[in-house]
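Subject: Structure handover

Hello,

Here is the structure I promised to pass on. Please open it first, then read my notes below.

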Amino acid sequence: MNDLLRKFLGQFNRFKPSDIDLIIENTTIEFFKKGDFVVTEGQISDKCYLVLKGCLRQFKMIDGVEKTSGFFIEEMPLVIYSSYLDGKPSEFNIQCLEDTILVSGTREKELEMQLESPILEHITSLIMVSDYRKAERYIALLNNYNPEERYLKFMKSNPNFLNRIPLVHIASYLSITPESLSRIRKRIVQK
């Protein structure tokens, strides 16, 4: 599995071979089965992750209903920042929708690696900015578009998700009922 991680990290021109070796030495490969939870609500999530293989969703239970707020597939970072950075219990669950392979690291190891290789601090800040932008786009999606527009935007910006994520979770993410999503999909096909 380290070969898969080495190949992924090798795509970035900024990493020297010694940076890649440092990351591999200070991270762990973790395997999860479909349905497994990587993080559960109330647990302190003291790890950051990178998805090597698989598909996961982030959700929260509200009044007994699962509210999906994110999806993660290959080459995407996965961090519950408030828990990872501040040591607070997670407000979210992270569940595998497929058999999954993750690279995990701890905050302590991350800080040690950044001292040894300053480019890692720069890469970490780029990941955080990217995640912030993703959160902004999600808020705008929910607040500025009607349900059909939300679905069309989701399809356009995430074509890799549609064949891997059950529609019930996509509906939850778009803040619509599965029945509404079914009607929307039917209307789109008929156009």
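The largest pocket holds about 1,000 Å³ of space. A pocket is defined on a 1 Å grid over the protein atoms alone: it is an open set of points where a 1.4 Å probe fits, with protein on both sides within 12 Å along at least five of seven lines. Grid points are joined across faces, edges and corners, and a volume is the space filled by probe spheres set on the points.

Two notes on the source. This is a predicted model, with residues numbered from 1 along each chain as its sequence is written. Local features need pLDDT of at least 70, side-chain atom pairs count only at pLDDT 80 or more, totals for chains, interfaces and linings use all residues, and side-chain values use heavy atoms, with hydrogens and water left out.

**The largest pocket**

Its lining has 34 residues; a lining residue has an atom within 4 Å of a point. Nearest the centre lie Asp131, Lys134, Ala135, Tyr138 and Tyr173. Two or more lining residues come from each of S5, strand S6 (77–78), helix H3 (81–86), helix H5 (118–144) and helix H6 (147–157). Helices (H or I, at least four residues) and strands (E, at least two) are DSSP runs, numbered from the N terminus. H5 gives the largest share, 10 residues. By class, the lining has 22 nonpolar, seven polar and five charged residues. Here Ala, Val, Leu, Ile, Met, Phe, Trp, Tyr, Cys and Pro count as nonpolar, Asp, Glu, Lys and Arg as charged, and the others, Gly among them, as polar.

**The second largest pocket**

This one has a volume of about 800 Å³. It is lined by 36 residues, and Leu50, Pro77, Ile123, Thr124 and Ile127 are the closest to its centre. At least two lining residues each come from helix H1 (2–10), strand S3 (47–53), H3, strand S8 (100–106), helix H4 (107–116) and H5. H5 supplies the largest share of this lining too, with 10 residues. The classes are 22 nonpolar, seven polar and seven charged.

**The sheet with S3 and S8**

Four strands form an open, antiparallel sheet in the order S1-S8-S3-S6. Two strands pair if DSSP finds at least two bridges between them. Strand S1 (28–32) and S6 are the edge strands, each pairing on one side only. S1 and S8 run antiparallel and are joined by five bridges. In that pair, threonine 28 has serine 104 of S8 as its bridge partner. S3 and S8 share six bridges, while S3 and S6 share two. Tyrosine 49 is bridged to serine 104 in S8 and to leucine 78 in S6.

H1 touches S1, S3 and S8, and its direction makes about 95° with that of S3. H4 lies across S3 and S8, at about 70° to S8. Contact means heavy atoms within 4.5 Å. Axes are lines fitted to C-alpha atoms, for helices over the stretch in contact, and angles run from 0 to 180 degrees between N-to-C directions.

**The other sheet**

Strands S2, S7, S4 and S5 make an open sheet in the order S2-S7-S4-S5, with antiparallel pairing. Strand S2 (37–39) and strand S5 (65–72) are at the edges with a single partner strand each, so one side of each has no neighbour in the sheet. Neighbouring strands are turned by 35° against each other on average, direction ignored. Strand S4 (residues 56–62) pairs with S5 over seven bridges. Methionine 61 stands opposite glutamate 66 in S5.

**Two helix pairs**

H4 and H5 come first. Their axes come within 5 Å and cross at roughly 125°. Glu110, Met113, Gln114 and Glu116 of H4 meet Pro118, Leu120, Glu121 and Thr124 of H5. These residues divide into three nonpolar, two polar and three charged.

H6 and helix H8 (residues 178–190) pack at about 70°, with axes 10 Å apart. They are therefore roughly perpendicular. Pro147, Glu148, Tyr151 and Leu152 of H6 meet Leu181, Ile184, Arg185, Arg187 and Ile188 of H8. This contact has six nonpolar, no polar and three charged residues.

Best wishes

Technical notes: Angles under 35 degrees count as roughly parallel, over 145 as roughly antiparallel, 65 to 115 as roughly perpendicular and the rest as oblique.
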